[in-house]
Amino acid sequence: PVVELIKRRFPATLDLTIWAVAPVILVGIWLGVQAAVHHNGLIDQAARVFSIVGASFPTFVFGLLLLMIFYANLHWFSPGRLSDDFNRVVESAAFHNYTSLLTFDALLNGRFDIFIDALRHMFMPILTLSYISWATFLRVTRGSMLETLRMEYVTTARAKGLTEHDVIHKHAKPNAMLPVVTLAGFSVVGLLGGAVITETVFNYPGIGSASVRAATSLDVVAMLGFAMFIGLILVVAVLVID
């Protein structure tokens, strides 16, 4: 049944989303703020190049490059969700599934080796999702910060003798975050809906890779189920963002 498939696959996607949200959003915002503060400087020019390359880089190409470097050549990280030895431990009766989220269950079971192995397997998917998202966050944050820094209240704050750090982080940045919050919300929705290409490239058993298999096997019922589930997530997310 589609419901059982979603219940089995969604925890893996949720686990990936939880660990990907922080680098995706926080680093993207930080890059955008730095580019705006150093407007037309070296940092800003480098950020523009980074943004253009990131926005035009196909996700599957970047993912395959990571596989070639970190998996095929360096043997540091592997695709999938867990190593075979640890996977047998997780599937055994001795391992208790408290939340169905592998990293959290590993900690609750006191298995830090499984926790580290799970994070190692998520490194390449998270880096792929982050790099592609950073380009968008950088552009939106930079544009919003530049507009905010030209406002009269920012000029007044500087005239009052406030430090540049306080002007940027206490006056300009909070007001510039309004469009970024909306973007962040929809980015989380995209992650929860399953990063289809990323999960497929790295053989990550989430809801995105499951939807690809359903599409390639022409399983219309499963595709409709996935569409309704992602639509529900989108509706809830829009309400939260508003």
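Biologist: Which element gives the most to the lining of the largest pocket, and with how many residues?

Modeller: It is α1, which gives five residues. This is a predicted model, in which local features need pLDDT of at least 70 and side-chain atom pairs pLDDT 80 or more, while totals for chains, interfaces and linings use all residues. Residues are numbered from 1 along each chain, and side-chain values use heavy atoms, without hydrogens or water. The largest pocket holds about 500 Å³ of space (a pocket is an open set of points on a 1 Å grid over the protein atoms alone where a 1.4 Å probe fits, with protein on both sides within 12 Å along at least five of seven lines, and lining residues have an atom within 4 Å of a point). Its lining counts 18 residues, of which R8, R81, N87, V90 and E91 are closest to the centre. Two or more lining residues come from each of α1 (2-37), α4 (84-91) and α5 (102-108), helices being DSSP runs (H or I) of at least four residues. By class, the lining has seven nonpolar, four polar and seven charged residues (Asp, Glu, Lys and Arg count as charged, and Gly as polar).

The second largest pocket, with a volume of about 190 Å³, is lined by six nonpolar and six polar residues, with no charged ones. Among them are T59, T128, L129, S187 and V196. Here α6 (112-149), α9 (178-192) and α10 (196-201) each supply at least two residues, and α6 gives the most, with four.

How values were computed: Grid points are joined across faces, edges and corners, and a volume is the space filled by probe spheres set on the points.
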